[in-house]
Amino acid sequence: MEERRFRERYELRYPAKIETLQGIFDGETINLSVEGAFIYCQEPIAIKETATLIINFPDGFIMDTFAEVVWSTASESDDDTGPPGMGVRFLW
């Protein structure tokens, strides 16, 4: 599969909250770039849906931004689909 990212992505694990009209969901940031992130969560929201994303950094900084889901995977499995979660693009 061809890599489509233009910005460097950093592997990390920080707690995250996803706020939608349906409620607030817990997640975990798995990787992060200036343009987006992968959020591990058991119930990813639909592609093209927007949400408020809140990431808690260990130094106390809280990133609070809007994000749009650009892809998601719904379940953990033994194949290459990866962990459940969603790729989001930040809407700065």
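Let's start with Asn56, which sits in strand β4; strands here are DSSP runs of E with at least two residues, numbered from the N terminus. At 28% relative accessibility, Asn56 counts as partly exposed. On that scale, buried means under 20% relative accessible area, exposed means over 50%, and partly exposed is in between, with a 1.4 Å probe and protein chains only. Setting aside residues up to four places away in sequence, Asn56 touches Tyr14, Pro15, Phe61 and Ile62, where contact means heavy atoms within 4.5 Å. The C-alpha atoms of Asn56 and Glu28 are separated by 9.5 Å, and these two are 28 residues apart along the chain.

A quick word on what we are looking at. This is a predicted model, in which local features need pLDDT of at least 70 and side-chain atom pairs count only at pLDDT 80 or more, while totals for chains, interfaces and linings use all residues. Residues are numbered from 1 along each chain as its sequence is written, and side-chain values use heavy atoms, with hydrogens and water left out.

Two of the names I just mentioned come back when we turn to the rings. Tyr14, Phe57 and Phe61 form one aromatic cluster. How many aromatic pairs does the structure hold? There are four, counting rings of Phe, Tyr and Trp (its six-membered ring) with centres within 6.5 Å; planes under 30 degrees apart are stacked, over 60 edge-to-face, and the rest tilted. Phe57 and Phe61 have ring centres 5.5 Å apart and planes at 55 degrees, so that pair is tilted. Phe57 is buried at 19% relative accessible area, whereas Phe61 is partly exposed at 48%. Then there are Phe90 and Trp92: their ring centres are 5.2 Å apart and the planes stand at 65 degrees, so this pair is edge-to-face. Phe90 is buried, at 5% relative accessibility, while Trp92 is exposed, with a relative accessible area of 67%.

Phe90 takes us inside. The largest nonpolar core has 18 residues, and those with the most contacts inside it are Ile39, Leu53, Met86, Val88 and Phe90. By nonpolar core I mean a set of buried Ala, Val, Leu, Ile, Met, Phe, Trp, Tyr and Cys residues joined through side-chain atoms within 4.5 Å. Which strands each supply at least two residues of this core? They are β1 (10-20), β3 (36-40), β4 (50-56), β5 (62-73) and β6 (85-90). Leaving aside neighbours within four places in sequence, the contacts of Phe90 include Leu32, Ala37, Leu53, Met63 and Phe66.

Now, β3 deserves a moment. Four of its five residues are buried, which leaves β3 mostly covered. β3 pairs with β2 in the antiparallel sense over four bridges, and a hairpin of three residues joins those two strands. β3 also pairs with β6, again antiparallel, over five bridges. Pairing here asks for at least two DSSP bridges between two strands.

On to β2 (residues 23-32), where we find Asn31. Is Asn31 buried or exposed? Asn31 counts as buried, because its relative accessibility is 8%. The side chain of Asn31 makes a polar contact with the side chain of Arg9 at 2.8 Å. For a polar contact we need a pair of N or O atoms within 3.5 Å; within protein, one must be able to donate a hydrogen and the other to accept it, and residues adjacent in sequence count only if both atoms are side-chain atoms.

Finally, the charges. The structure holds three salt bridges, each a side-chain nitrogen of Lys or Arg within 4 Å of a carboxyl oxygen of Asp or Glu. In one of them, Glu28 meets Arg13 with the closest N and O atoms 3.0 Å apart. Glu28 lies in β2 and Arg13 in β1, so the pair ties together parts that are 15 residues apart in sequence. Glu28 is partly exposed at 24%, and Arg13 is exposed at 55%. Another joins Lys17 and Asp26, at 2.4 Å from N to O. Glu68 is buried at 17%, while Arg89 is partly exposed at 39%.
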